[in-house]
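User: I would like to learn how to read the features of a protein model. Please take me through them one at a time.

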Amino acid sequence: MTLQDQTLMVPEALPAFPVVLVIGFSKPSMAQTKPWLAALEKEEGINPEQVYRVAVLESVPALVRGFVVSRMRSRIAEDQQHRFLVVKRGTAAWQSWVGYTERDDAYLLVLGGDHGVIQRVQGPVDENKLAALKAMLSVTRAVQQVPADSSTSLPERELESPGLQ
């Protein structure tokens with residue numbers, strides 16, 4: 001779900017251009033996801049529409065989860081809420097997709113226009129990781145052109161997603 005209460009099937013519902021998913025699996029992971037988001041926001045050549053935040057909340061008790069989502073919604077600008085995803089189930093599939101090893105790390109996935117994973121980043125932001133991510137986005141934008149109304153099948157993906165919600 002987005003913070004605007006829209007259900008999305010990830011990655012299929014994402015735009016057909018390269019995107020970055022910044023994923024956190026715990027509240028302490030915010031110590032790494034927030035600096036990543038800030039760095040990506042101020043980086044030239046990265047369009048904000050390419051960056052999606054993902055908060056995996058399945059482990060948050062259901063009684064508290066509504067409060068947590070409400071608080072997120074109040075802190076995120078309305079024009080950004082369509083790019084903030086809240087995951088309430090399927091944590092194991094997400095963990096498999098990102099190569100999960102550390103609960104409190106930030107995980108970033110760069111997806112191409114075909115929604116295939118082309119780069120994974122884990123841990124705190126640093127200049128080398130940021131430069132590599134920016135370079136990958138630049139190359140991917142230049143090489144991968146997916147027509148908006150393409151009826152051809154998508155190429156094989158490096159790692160198939162299980163249709164995450």
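Analyst: We will go through strands, salt bridges, a surface patch and backbone angles in turn. This is a predicted model, in which local features need pLDDT of at least 70 and side-chain atom pairs count only at pLDDT 80 or more, while totals for chains, interfaces and linings use all residues. Residues are numbered from 1 along each chain as its sequence is written, and side-chain values use heavy atoms, with hydrogens and water left out.

User: How do strands β2 and β3 pair?

Analyst: Helices (H or I, at least four residues) and strands (E, at least two) are DSSP runs, numbered from the N terminus. Two strands pair if DSSP finds at least two bridges between them. Here β2 (residues 51–56) and β3 are parallel, with four bridges. R53 has F84 in β3 as its bridge partner. Between these strands the chain passes through α2, and the β-α-β crossover is right-handed. Right-handed means that, with the strands pointing away from the viewer, the path from the first strand over the helix to the second runs clockwise.

User: Which residues cover the two faces of β3?

Analyst: A residue is buried under 20% relative accessible area, exposed over 50%, and partly exposed in between (1.4 Å probe, protein chains only). In β3 (residues 84–87), F84 and V86 lie on one side and L85 and V87 on the other, and all are buried.

User: How many salt bridges does the structure hold?

Analyst: Side chains of opposite charge can pair when their charged atoms come close. The criterion for a salt bridge is a side-chain nitrogen of Lys or Arg within 4 Å of a carboxyl oxygen of Asp or Glu. The structure holds four. One of them joins E43 and K134, whose closest N and O atoms are 3.2 Å apart. E43 is in the loop between α1 (30–42) and β2, and K134 is in helix α4 (residues 127–143), so the pair ties together parts 91 residues apart in sequence. E43 is partly exposed at 22% relative accessibility, and K134 is partly exposed at 28%.

User: Where do E49 and R83 lie?

Analyst: These two also form a salt bridge, with the closest N and O atoms of E49 and R83 3.4 Å apart. E49 is in the loop between α1 and β2 and R83 in the loop between α2 and β3, so this pair ties together parts 34 residues apart in sequence. E49 is partly exposed at 32%, whereas R83 is buried because its relative accessibility is 10%.

User: Which residues form a nonpolar patch on the surface?

Analyst: Patches are made of residues with over 30% relative accessible area and no salt bridge; like charges are joined within 9 Å, nonpolar side chains (Val, Leu, Ile, Met, Phe, Trp, Tyr) within 5 Å. Here L63, V64 and F67 form the patch, with about 370 Å² of accessible area together. L63 belongs to helix α2 (residues 62–75) and is exposed at 86% relative accessibility.

User: What about the backbone angles?

Analyst: Most residues other than glycine have a negative phi, and most peptide bonds are trans. The bond from V10 to P11 is cis, with omega near 10 degrees, and P11 is in the segment before β1 (19–24). D5, in that segment before β1, has a positive phi near 60 degrees. H115 also has a positive phi, near 75 degrees. H115 sits in the loop between β4 (106–111) and β5 (117–122) and is buried, with a relative accessible area of 8%.

Methods
Areas by Shrake-Rupley, 256 points an atom, 1.4 Å probe, with all protein chains shown as cover.
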